[in-house]
Amino acid sequence: MTLELERVAIARGGRTLLGDVTLALESGFVALVGRNGVGKTTLLRTMAGALAPAEGAVRLDGVDVRALAPRERARRIALVEGGEPAFTALSVEDAVASARFPHHRWFEWEPTGEDGAAVDDALTRTDLTALRARELGTLSAGERQRVWIALAIAQRAGVVLLDEPTSHLDLKASVETLRLVRELADHGALVVAVLHQLEEAAAFADRVVVLGEGGVIADGVPPSALTSATIFRAFDVAVTVERGPDGLAFHRRTSAARR
Amino acid sequence: MRLLALAALVPLAMLIGVAFGGAAIAPAALAHALLHPASGGDVATIVWQLRVPRVCVAATVGAALALAGALLQALLRNPLVDPYLTGVSSGAGASIAIAATLGIAPALIPPLGFASGLATAVLVAVLARRGPRLDPERLILAGISLSALLSAIVTLALERLARGAASESILAWLAGSLAGRGWPDLVAAAPEALAGAALGAFAIPSLNVLRLGEGRAAALGVDVVRLQWVLLIGATLLTAAAVALAGLVGFVGLIVPHLARRVVGADLRALVPAAVLVGAALVVLADALARTLAAPAEIPLGVLLAFVGVPTFLVLYLRGAARSYA
């Protein structure tokens, strides 16, 4: 299973944000990092087929994702974005069950045994079984984030795209979420997550893509993609990168002039 | 199951509707007339030529309005939406008012109203477009403002008309009434109502997913743009059929979905049939009351429902029915 971006350019409001993005992604955990506004969310949505690229194409196993029918695309690509549901009285279980929609045909209204198994499996893996009857509006931000990930698990898509899954989460919730995401990748999915914390990217991802300067600044394993040079180009902040037994650590340089 | 209980409500309501009315009918005579339709005589005539068709029309109006309301509230994720939002009723009302003022033949007025109701709904939809999508907020604003404008036209027409048959017919239409409705009216409105219902039925699984929000629903494979158009057309057809049959009968489309939700919950696979059943039963019973309370005169159906509907709606709203939506 390969997700390919071929010379993709994305624009918003008439302005080109990123151009000539060419990536070939296979199973594993890929982290997307870059400044706010660089186009990470737009790129993620373009990869999901929700938006058309300004130029170039996104292909999943050779097929343009924009050419896939909505349900077919949803069976193969899951897009997880944070935020509130429209209807807060929906129960966790009903919300997760909605993820089985792409697997139904238009006349299939009743859930099948496979649907039930997928939902139970998703609730178990996100530790939501005890909360299955709770209404979405009564959950904490961390619990709600787990619901969105449970949706992606129940969807049984081979590609899972997550937009800032750990923003607004405390340390424990962040770590739990990333472990869950890591587990998805270990099960064979291609997981692409937009992350703000560089330490998180370094600790959990197999590959990091650094976006900035209108394109891809770096692409590779964490130690080679996240260097002082690439971070400075992407974030305009001087850091030193330290390799320790627990992984990479990033220390902002407070002494000496930046240039 | 609760849905079955509600299903039993409709025949019961219809029986009550046939049993009560301007002329009192003894139970024995009623039973005989129902079981022997061809028996002839005054009772059978009243039952089969007047009451049964009228009760069927009432059930259709109630079912259509409740269904349109349930579908639009689900589509727009707004529990305060009424099917008249589409502009159908105000469009129909304005053309009926103008036609009456101009003295156009009465037989032409219902189809004219139907056509202009649909045309207004199309205008509202066009105003609500943002790219390929219909923007819920714009739809609501466009519907409300066009309705206000067209209502003003109706008021103007009423003022211009001297007292007489024309203004009376406009007033009767505004108040909502099933007086004189029979099989021919039902047959004329049935195709629109059934087409609207079919479109609505298609949309139920997608509407359930839409509760997660438009973006998430789209990511799960819901074709949001197609869903919006299918439902808008369906709700418009249903409302147009109801308005052609009964004029302005308010509150059914707004409150029945809430009542149905209280009984069967928010899953649209249960909510939509429940709304249809409760709507049908409600209008049948209300029409029976309208015919009986001040017999031999009839209280306009719309008036009766307003007196019952407004307090019910306020109670529901104050008790937080609207709080389920973020």
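The expected span of a helix is 1.5 Å times one less than its number of residues. Helices are DSSP runs of H or I, at least four residues, strands are E runs of at least two, and both are numbered from the N terminus.

This is a predicted model: local features need pLDDT of at least 70, side-chain atom pairs count only at pLDDT 80 or more, and totals for chains, interfaces and linings use all residues. Residues are numbered from 1 along each chain as its sequence is written, and chains are lettered from A and ligands numbered from 1 in the order written.

**Exercise 1.** Find the reach of α6(B) and list its buried residues.

*Solution.*
- Helix α6 of chain B covers residues 136-160, 25 residues.
- Its first and last C-alpha lie 36 Å apart, close to the expected 36 Å.
- B:L139, B:A142, B:G143, B:L146, B:S147, B:L150, B:V154 and B:A157 are buried (20 or more other C-beta atoms within 10 Å of their own, C-beta atoms being placed from the backbone).
- An α-helix has 3.6 residues a turn, so residues three or four places apart point the same way.

**Exercise 2.** Describe what α2(B) brings to its contact with α3(B).

*Solution.*
- From α2(B) come B:A29, B:L30, B:A33 and B:L34.
- They meet B:V43, B:A44 and B:V47 of α3(B) (contact: C-beta atoms, placed from the backbone, within 7 Å).
- The contact residues are seven nonpolar, no polar and no charged (nonpolar: Ala, Val, Leu, Ile, Met, Phe, Trp, Tyr, Cys, Pro; charged: Asp, Glu, Lys, Arg; polar: the others, Gly among them).

**Exercise 3.** Describe the side of chain A that touches chain B.

*Solution.*
- 23 residues of chain A contact 20 of chain B.
- α2(A) gives the largest share, four residues.
- This side of chain A has 16 nonpolar, three polar and four charged residues.

Note on methods: Contact = placed C-beta atoms within 7 Å. Buried ≥ 20, exposed ≤ 12 C-beta atoms within 10 Å, placed from the backbone.
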